[in-house]
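Visitor: Hi, I'm new to this one. Could you walk me through a few spots once it's up on the screen?
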Amino acid sequence: VAWSMSTGTNQGHEGAPLVVGSTMYVISSFPNFVYAIDLAKDGMIKWKYAPKQDARAAPVACCYLFNRGMNYSHGKILFSTLDAQIIALDANTGKEVWKAKNGDPSKGETVTSAGLVVKDKYIVGISGGEFGVRGHVTAYDINSGKQVWRAYSTGPDEELRLAPDFNSANPHYGQK
């Protein structure tokens, strides 16, 4: 072993590290510390980001307090926190570029999943179905953090973001 480190948390670590150039980015379980590690300097920590989080998220998170990973795009590290914040950091400095609220832990809403980058959008879901949370998937603009769209898993067609001709194009959904 050339070097090792602790993230400072002892909960599940399910997110794979990201390696961009000679920097490895790691996210911990709650409270979701993010580290940038210089692989060319025997694991020296370049920067650490410690988000302020709503402590109400931990008791309502189903199953564990893990985080399933981050993304890198457009010079940013993109990730979600257990308390349903979506955060973009400058990959070089660790400075917060933007932050958005994707849910509310007081309603049982948390996020443990890794998002998905598609072009200039960061797409992330919500957790909390066991508490009656209405599921949704939301797209955020990678550069500004503004919500671009949200699609729900239940409800009227316009809130599911179904195409206007979805029902007529798919008569097998709903036919007996």
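This is a predicted model: local features need pLDDT of at least 70, side-chain atom pairs count only at pLDDT 80 or more; totals for chains, interfaces and linings use all residues.

Visitor: What's the phi of H74 like, positive or negative?
Guide: Positive, about 55°, even though H74 isn't a glycine.

Visitor: And is H74 buried, partly exposed or exposed?
Guide: H74 is partly exposed, with a relative accessible area of 45%.

Visitor: OK, what about A84, where does that one sit?
Guide: A84 is in the loop between β6 and β7 (85-90). A84 also has a positive phi, about 75°, and isn't a glycine.

Visitor: So is A84 buried or exposed?
Guide: Buried: the relative accessible area of A84 is 0%, and the cut-off for buried is under 20%.

Visitor: Switching to sheets: what's the strand order in the open sheet of four strands?
Guide: The order is β9-β10-β11-β12, and the pairing is antiparallel.

Visitor: Why is one side of β9 and of β12 left without a neighbour in the sheet?
Guide: Because β9 (116-118) and β12 (147-152) are at the edges, and each has a single partner strand. The twist from one strand to the next averages 20°.

Visitor: How many bridges join β9 to β10?
Guide: Three, with β10 covering residues 121-125 and the two strands running antiparallel. As for V118, its bridge partner in β10 is K121.

Visitor: Last one: which kind of peptide bond links F30 to P31, cis or trans?
Guide: Cis, with omega near 20°. You'll find P31 in the loop between β2 (23-27) and β3 (34-38).

Methods. Residues are numbered from 1 along each chain as its sequence is written. Side-chain values use heavy atoms; hydrogens and water are left out. Two strands pair if DSSP finds at least two bridges between them. Axes are lines fitted to C-alpha atoms, for helices over the stretch in contact, and angles run from 0 to 180 degrees between N-to-C directions. Buried means under 20% relative accessible area, exposed over 50%, partly exposed in between (1.4 Å probe, protein chains only).
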